[in-house]
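Hi,

Here is the structure I promised to pass on. Have a look at it first, and then read my notes on the charged side chains and rings below.

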Amino acid sequence: MSQSIAVTVKLFAVYQEAFDVSELVLDFPDGTPVQAVCDRLISEHPKLSKWREITRFGVNLQFVAPDTILQNGDEVVLIPPVNGG
């Protein structure tokens with residue numbers, strides 16, 4: 001039987017605007033890559049799909065590759081490009 005993990009997802013910029021919250025706690029199957037977090041959020045808010053290819057990922061305060069496998073209790077951040085000055 002496959003285990004599930006819970007991760008805290010910190011939302012910024014367009015992701016925070018779409019969900020109207022700054023943080024989500026989501027469950028995923030064990031062995032899930034961080035890219036799947038982005039895919040799940042986009043499936044819930046398809047207008048976010050234009051950000052898929054340019055979003056960077058952080059896990060536990062470190063930038064990571066999209067294929068990084070999540071662990072139970074990880075804190076994930078999705079970092080879209082931000083305009084401003």
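A charge sits over a ring, in these notes, if NZ of Lys or CZ of Arg is within 6 Å of the ring centre and within 35 degrees of the ring normal. By that rule, arginine 56 has its charged end over the ring of phenylalanine 63, 3.9 Å from the ring's centre. Arginine 40 does likewise with phenylalanine 28, its charged end being 4.9 Å from the centre of that ring.

Before the rest, a word on the basis. This is a predicted model, where local features need pLDDT of at least 70 and side-chain atom pairs count only at pLDDT 80 or more, while totals for chains, interfaces and linings use all residues. Residues are numbered from 1 along each chain as its sequence is written, and side-chain values use heavy atoms, with hydrogens and water left out.

Now the salt bridges (a side-chain nitrogen of Lys or Arg within 4 Å of a carboxyl oxygen of Asp or Glu). The count comes to 4. For the locations, helices (H or I, at least four residues) and strands (E, at least two) are DSSP runs, numbered from the N terminus. For accessibility, buried means under 20% relative accessible area, exposed over 50%, and partly exposed in between, with a 1.4 Å probe and protein chains only.

Arginine 40 turns up again here: it forms a salt bridge with glutamate 44, with 3.7 Å between the closest N and O atoms. Both residues lie in helix α2, 4 residues apart, or about one turn of the helix. Arginine 40 is partly exposed at 28%, and glutamate 44 is partly exposed at 44%.

Another bridge joins arginine 52 and aspartate 39 at 3.8 Å, N to O. Aspartate 39 is in helix α2 (35-44) and arginine 52 in the loop between α2 and β3 (56-59), so the pair ties together parts that are 13 residues apart in sequence. Both count as partly exposed, arginine 52 at 29% and aspartate 39 at 30%.

What does lysine 10 meet in a salt bridge at 4.0 Å? Its partner there is glutamate 75. This pair links distant parts of the chain, 65 residues apart: lysine 10 is in strand β1 (residues 4-10) and glutamate 75 in strand β5 (residues 75-79). Lysine 10 is partly exposed at 23%, as is glutamate 75 at 27%. Shared partners also join Lys10, Glu23 and Glu75 into one salt-bridge network.

Cheers
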